Amino acid sequence: MHLAYPAVLAALLFCTGLYGVLARRNAILVLMSVELMLNAVNLNLVAFDVWLRDTLHAGQALTLFTIAIAAAEIGIGLAIVLMVYRNRGTSDVDRLRDTVEGNEPAPNNQSEVTA
């Protein structure tokens, strides 16, 4: 098998994930797009490991670490998104940019600053 086939597939997966991160407004879909990008990286790691005939199989070992990190990331990310959805009632990324409850400017009290 040529290296070009998995490399092209990984590039397509990564571009699809990148488009999903940039174009989607739903936080769950953004997390799924990040997972697509990580899977594209995993595919490249394994493909280059096979192509280089690495005796230590470093690409496959790094893939296992990436899968573990992705699982932790999606677990924590999903928990955060669910808590934000419970508090705010939406998971729209554009509406979640301001995490402050009110949009009031912070008070500028110079008298409270101590030297």
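**View 1. Arg95 and its partner Asp92.** Arg95 is exposed, since its relative accessible area is 58% (exposed means over 50%, buried under 20%, and partly exposed in between, using a 1.4 Å probe and protein chains only). Its side chain meets that of Asp92 in a salt bridge, at 3.8 Å from N to O. For this legend, a salt bridge is a side-chain nitrogen of Lys or Arg within 4 Å of a carboxyl oxygen of Asp or Glu. Asp92 counts as buried because its relative accessibility is 18%. Side chains of opposite charge can pair when their charged atoms come close.

A quick note on what you're looking at: this is a predicted model, where local features need pLDDT of at least 70 and side-chain atom pairs count only at pLDDT 80 or more, while totals for chains, interfaces and linings use all residues. Residues are numbered from 1 along each chain as its sequence is written, and side-chain values use heavy atoms, with hydrogens and water left out.

**View 2. Asp94 and Arg25 joined up.** The structure holds 2 salt bridges, and here is the one between Asp94 and Arg25, whose closest N and O atoms are 2.0 Å apart. Asp94 lies in the segment after α3 (58-88) and Arg25 in the loop between α1 and α2 (27-52), so the pair ties together parts that are 69 residues apart in sequence. With a relative accessible area of 32%, Asp94 is partly exposed.

**View 3. The whole chain.** Step back and you'll find 3 helices and 0 strands, arranged along the sequence as α-α-α. (Helices are DSSP runs of H or I with at least four residues, strands are runs of E with at least two, and both are numbered from the N terminus.) Of the 115 residues in the protein, 21% are buried. The accessible surface comes to about 8900 Å², and 65% of that belongs to carbon and sulfur atoms; these areas come from the Shrake-Rupley method with a 1.4 Å probe, and for residues only the protein chains shown count as cover. Take the contacts with a separation of 6 or more: 53% of them join residues 24 or more positions apart. Contact here means heavy atoms within 4.5 Å.

View 4. Pro6, Ala10, Gly17 and Gly20 are buried in α1. Seen down the helix axis, the buried residues fall within an arc of 85°, so they line one face of α1; the arc is that of the directions from the helix axis to the C-beta atoms. These buried residues pack against α2. Over on the other side of α1, Leu12, Tyr19 and Leu22 are exposed.

View 5. Phe14, Leu18, Leu22 and Val41 make a nonpolar surface patch of about 350 Å². Patches are made of residues with over 30% relative accessible area and no salt bridge, with like charges joined within 9 Å and nonpolar side chains (Val, Leu, Ile, Met, Phe, Trp, Tyr) within 5 Å. Helix α1 (residues 4-23) gives the most to this patch, with 3 residues. Phe14 sits in helix α1 and counts as partly exposed, at 34% relative accessibility.

**View 6. Helix α2 under cover.** α2 has 26 residues and reaches 38 Å from its first C-alpha to its last, close to the 38 Å expected at 1.5 Å a residue. Its buried residues include Ala27, Val30, Leu31, Met37 and Asp49. Their cover includes α1 and α3.

Conventions: Expected span 1.5 Å × (residues − 1).
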